[in-house]
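Hi,

Here is the structure I promised to pass on. Have a look at it first, then read my notes below.

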Amino acid sequence: MEHANSLWHERRAATLLRRLAGVGPFVAATLVRVDHRCGNPRCRCATGEKHPSWRLTYKDPDQKTVTVYVPVGMLEEVRQWVENYHALKKLASEISDAQLARVRLYVREKRRPTP
């Protein structure tokens, strides 16, 4: 939907910025389930069913993949952090779109011939 009113885009961006404040804690990582063997020869995992564990994976400043173990007691909290990060990215994209629309509208209005 194309809006020809700069004020609409300004209000939209302001609303999105207010929503951004309520996102909460986040982590820029991916939550991954990893099945592994514990090493105990008498454990069920030695002959078949492996133990599930959870890891966070992310890229460090050198763009190398880093993996961090997530304790079971923190799993739901960390899962919420990852969801918050996705919400943050979506809001940031919407805010950017609203600001770009304001710029395009401004340029279009300035190019119009004055009567």
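The buried residues of helix 2 get their cover from several places, including helix 1 (6-21), strand 1 (30-36), strand 2 and strand 3 (65-70). Keep in mind that this is a predicted model.

Helix 2 itself runs over residues 75-111, 37 residues in total. From its first C-alpha to its last it reaches 54 Å, close to the 54 Å expected at 1.5 Å a residue. Its buried residues are Leu75, Val78, Val82, Asn84, Leu91, Glu94, Ile95, Ala98, Ala101 and Leu105. If you wonder about the spacing in that list, here's a handy rule: an α-helix has 3.6 residues a turn, so residues three or four places apart point the same way.

Now for the core. The largest nonpolar core has seven residues: Ala29, Leu31, Leu56, Val70, Leu75, Val78 and Val82. Helix 2 gives the largest share of this core, three residues.

One more residue to look at is Ser53, which sits in strand 2 (residues 51-59). Is Ser53 buried or exposed? Ser53 has a relative accessible area of 6%, and the cut-off for buried is under 20%, so Ser53 counts as buried. Its side chain makes a polar contact of 3.4 Å with the side chain of His36. Again leaving out neighbours within four places in sequence, Ser53 is in contact with Val32, Arg33, Val34, His36 and Tyr69.

Cheers

Technical notes: Residues are numbered from 1 along each chain as its sequence is written. This is a predicted model: local features need pLDDT of at least 70, side-chain atom pairs count only at pLDDT 80 or more; totals for chains, interfaces and linings use all residues. Side-chain values use heavy atoms; hydrogens and water are left out. Helices (H or I, at least four residues) and strands (E, at least two) are DSSP runs, numbered from the N terminus. Buried means under 20% relative accessible area, exposed over 50%, partly exposed in between (1.4 Å probe, protein chains only). A polar contact is a pair of N or O atoms within 3.5 Å; within protein, one must be able to donate a hydrogen and the other to accept it, and residues adjacent in sequence count only if both atoms are side-chain atoms. Contact means heavy atoms within 4.5 Å. The expected span of a helix is 1.5 Å times one less than its number of residues. A nonpolar core is a set of buried Ala, Val, Leu, Ile, Met, Phe, Trp, Tyr and Cys residues joined through side-chain atoms within 4.5 Å.
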